[in-house]
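Trainee: I would like a close look at a single part of this model. Please keep it brisk.

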Amino acid sequence: MQATDLPLIRTVSRPDVHPDGTWAVVSVTRPDLDADATVGQLWRVPLGSAGGVSEGSANGVSTGSANAEGSVSGDESRRLTRGFRDTAPRISPDGALIAFLRAQPQSAPQLWVLPTGGGEAVQVTDRKLGVTDFRWSPDGTRIAFLSREPQPGRYGSVEGIAPGAEPPRRITEWSWTRNGLGYHRDRPQHAFLVDVPDVAAEPVVQPVPTAEGEPEPRPTVPEPRRLTTDDVDHSGIAFTPDGGSIAVIAEREQGAGQVPRGTLRVLPLGAPATGGGSEVDLGTLAPQAIAFGSGGELYVVAQDVGADGKDFVARNAALYVLSAWVDPAPRRLTDPETQEVGGEPLPLPDGGVLLALASRGTQQVVRISDDGVTTQLTSGDVVVSEFDAAGGTLAVSYGDPGTYGEVGVVDLADAEGGAPRRRTDFSAPLRATGIVTPKELTVTGRDGYPVHGWIAVPEGTGRFPTLLMIHGGPYASYGVGLFDEVQVLVDAGYAVVYCNPRGSAGYGQAHGRAIRQAMGTVDLHDVLDFLDGAAAEDGRLDGSRVGVLGGSYGGYLTAWTIAHDHRFAGAIVERGFLDPEVFFGTSDIGSFFGSEYVGETPEQIAAQSPQAVAGQVRTPTLVMHSELDLRCPLSQAERYYSTLKLHGVETELVVFPGENHELSRSGRPRHRQQRFELILDWWKRHLPVG
């Protein structure tokens with residue numbers, strides 16, 4: 001895979017299964033270099049029998065050839081829409097309609113509905129700042145959705161008032177921005193309710209003035225009703241089984257050093273909103289996702305952040321159930337010490353829920369009963385991202401070492417677990433570019449601790465220059481799925497070693513908390529020990545010609561590494577957490593992140609700060625950052641780069657305009673390609689192949 005192959009990456013959304021269980025709808029998105037945007041459409045995917053594979057298939061994969069779109073000929077998968085970017089499909093309870101979000105170029109996504117039996121899509125909303133999420137009511141007549149409501153005079157709400165002419169913002173809270181969004185307290189996210197239009201009715205249009213002053217007909221949309229009143233962000237919509245109320249997670253006031261968290265509220269739908277609804281007391285729990293079971297029980301995925309609201313480092317979320325949610329006592333169903341569950345709980349008709357479980361670089365689907373018994377439904381080298389079940393069929397979207405994103409089927413009754421039976425092959429064109437399967441490796445570190453990771457080596461013989469790649473987080477992890485970063489570097493002739501050192505997710509809380517207020521200690525030892533162990537394990541790796549690179553926390557540990565180990569021919573520090581002292585008050589998470597990870601005293605901060613030891617660096621270093629990064633602000637990179645330059649280190653600062661912390665994952669496609677080209681150019685200059 002090369003940088004120019006970015007458009008071949010297909011990302012598959014959560015599959016939504018039709019009530020009869022025979023097919024699912026997904027959104028398939030991809031970077032488009034011509035449009036310089038992410039584009040996508042909805043696809044209908046037949047699921048076949050959950051208990052076996054379709055005729056003429058092996059392991060659930062059609063033996064037919066893949067076409068240019070990535071679907072498999074003969075499997076009857078077909079595109080349903082041709083919008084610019086159609087995403088987040090959900091089928092109505094009666095199976096007659098598909099609701100989804102449609103974004104036009106340079107416009108916010110709006111809610112649309114499409115008849116499953118064929119016909120044109122009908123627009124449901126025309127919100128100034130778009131729609132971010134939605135859910136069908138149980139009877140399928142209404143949709144609850146989330147949308148930001150701008151204060152009058154801001155964000156184009158009043159014609160003629162440009163952003164620079166808006167009134168000043170008066171800030172009194174601990175946090176006021178979010179990466180990828182910007183200021184958010186003057187455009188809180190509210191919950192709304194809207195009636196589903198009759199898609200068979202005669203369209204009604206209204207004249208809308210254009211820039212030239214001439215009226216232009218535009219279809220009318222139903223008027224939504226706002227359900228929430230407090231001007232705070234709301235998330236996590238869930239209807240009660242009778243459709244009479246919805247539950248939402250409402251942002252609560254954040255204290256000094258506290259993790260932002262929400263409170264759970266239940267809002268009755270029978271009367272106009274006059275207050276914040278009834279609050280469900282969750283104690284020290286910070287809710288992340290919610291869902292109601294058919295019997296009225298409320299399932300909550302939540303993180304316990306302690307009595308002081310600060311204890312977030314490597315604290316796994318757990319699943320809780322409240323059987324009497326009007327007067328709740330949350331009962332925990334999973335063990336956060338050893339189980340890392342996530343995603344939105346999917347209640348099952350006979351009780352319990354489905355959730356995702358992360359472990360050692362994989363992510364599986366598990367069934368969790370109401371008495372806390374966990375049954376794993378998938379296994380092996382897969383990363384299941386999302387899932388849905390209906391009509392006795394469980395469909396998943398997942399990746400593996402040869403696929404970036406596919407749809408598969410899992411047997412709900414299979415207590416043994418197994419790999420999903422694949423029903424699509426959207427990654428076939430990407431595989432055709434030449435994909436290397438990484439080798440799994442566990443290295444015993446200097447203190448006897450096992451370090452788990454992977455080695456990816458180019459085809460052929462010889463000794464290859466080797467790159468140590470470090471992930472962000474810190475409480476995140478590398479996984480077994482196909483990873484474009486690795487594949488592009490391997491195609492260029494580099495061996496890549498990457499691991500999940502202490503501090504990473506997926507290995508239990510103790511593994512993750514090992515670096516709390518001790519960053520740059522055992523995590524540094526683990527990545528270096530893994531590099532040495534990988535070179536000793538595989539003779540194709542040239543341990544005498546090495547480079548190091550990483551982003552976010554990976555940028556932190558890269559910068560820390562090159563201040564303490566001078567073996568590297570070059571380094572790339574990207575979007576790094578580099579200066580903990582000034583992170584406070586400038587980052588969107590600065591009010592709480594640094595104090596828990598590095599401590600609060602000047603001595604603690606200096607002892608774990610790459611900026612404090614930047615004068616020790618001798619390695620040629622490329623510093624890459626995004627102009628609008630609010631997670632690790634640009635000043636982190638600017639100060640670090642200037643210090644390197646002051647000390648005579650060969651260095652270069654690259655700033656991507658208009659991008660934020662997510663550049664490498666969801667930035668403009670041309671910037672993503674240019675980023676790869678800059679990375680390869682740096683290594684060509686400082687660690688040439690051959």
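Trainee: Leaving aside its neighbours within four places in sequence, which residues is R169 in contact with?

Mentor: This is a predicted model, where local features need pLDDT of at least 70, side-chain atom pairs count only at pLDDT 80 or more, and totals for chains, interfaces and linings use all residues. Residues are numbered from 1 along each chain as its sequence is written, and side-chain values use heavy atoms, with hydrogens and water left out. The pLDDT is the predictor's confidence in each residue, from 0 to 100. Its mean for the protein is 93.

Now the contacts, meaning heavy atoms within 4.5 Å. Beyond its neighbours within four places, R169 meets R154, Y155, Y183 and D186. R169 lies in the loop between β13 (142-148) and β14 (177-178). Strands are DSSP runs of E, at least two residues, numbered from the N terminus. R169 is partly exposed, at 31% relative accessible area. Partly exposed lies between buried (under 20%) and exposed (over 50%), with a 1.4 Å probe and protein chains only.

Next, polar contacts. Each is a pair of N or O atoms within 3.5 Å; within protein, one must be able to donate a hydrogen and the other to accept it, and residues adjacent in sequence count only if both atoms are side-chain atoms. The R169 side chain makes one with the side chain of D186 at 2.6 Å. It makes another with that of Y155 at 3.2 Å.

Turn to D186. This residue sits in the loop between β15 (182-183) and β16 (189-195). D186 is buried, at 6% relative accessible area. Its side chain also has a polar contact with the side chain of Y155 at 2.6 Å, and one with that of R154 at 3.5 Å.

Definitions and conventions
Helix = DSSP H or I, 4+ residues; strand = E, 2+ residues; numbered from the N terminus.
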